[in-house]
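Subject: Structure for you to look at

Hello,

Here is the structure I promised. Please open it and keep it beside this message while you read.

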Amino acid sequence: RGRVALAVDDVDDVMTISPAELLRAPMDFGDGVLVGVARRDADLIGVLDPEALVAACRTDPALETA
């Protein structure tokens, strides 16, 4: 399957989220990338499915340079 790299500008924190804490995403783009959101204080944090993200990038090369 090969290796995949994801460029990240910044990481504020690493957290463990249980499935019970995961809230439904406010929007559904139909690609399965955004699994849901988690709340941390006043912030909403998007939770991504890494396999769906890679599949979306392979399907649409424009996403790789976004």
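Which residues does G36 touch, not counting residues up to four places away in sequence? The model is predicted, and in it G36 touches L22, L23, A25, I45, G46 and V47. Take A25 from that list. A25 and G36 are eleven residues apart in sequence, yet their C-alpha atoms are 4.2 Å apart in space. G36 sits in strand β1, which covers residues 34-40. Its relative accessibility is 0%, so G36 counts as buried; the cut-off for buried is under 20%.

Next, the helix. Helix α1 spans residues 50-59, and its buried residues are A52, A56 and C57. Why do these count as one side of α1? Because they cover an arc of only 135° around the axis. In general, an α-helix has 3.6 residues a turn, so residues three or four places apart point the same way. The face away from the buried side carries P50, E51 and R58, which are exposed.

Look at the N-terminal end of α1 too. D49 caps that end. One of its side-chain oxygens lies 2.9 Å from the backbone nitrogen of E51.

Last, the surface. L6, V8, V11 and V14 form a nonpolar patch there. Together they have about 440 Å² of accessible area. V11 belongs to the segment before β1. Is V11 buried or exposed? Its relative accessible area is 56%, so V11 is exposed; exposed means over 50%.

Best wishes

Conventions
Residues are numbered from 1 along each chain as its sequence is written. This is a predicted model: local features need pLDDT of at least 70, side-chain atom pairs count only at pLDDT 80 or more; totals for chains, interfaces and linings use all residues. Side-chain values use heavy atoms; hydrogens and water are left out. Helices (H or I, at least four residues) and strands (E, at least two) are DSSP runs, numbered from the N terminus. Buried means under 20% relative accessible area, exposed over 50%, partly exposed in between (1.4 Å probe, protein chains only). Contact means heavy atoms within 4.5 Å. The arc is that of the directions from the helix axis to the C-beta atoms. A polar contact is a pair of N or O atoms within 3.5 Å; within protein, one must be able to donate a hydrogen and the other to accept it, and residues adjacent in sequence count only if both atoms are side-chain atoms. Patches are made of residues with over 30% relative accessible area and no salt bridge: like charges are joined within 9 Å, nonpolar side chains (Val, Leu, Ile, Met, Phe, Trp, Tyr) within 5 Å. Accessible areas come from the Shrake-Rupley method with a 1.4 Å probe; for residues, only the protein chains shown count as cover. A salt bridge is a side-chain nitrogen of Lys or Arg within 4 Å of a carboxyl oxygen of Asp or Glu.
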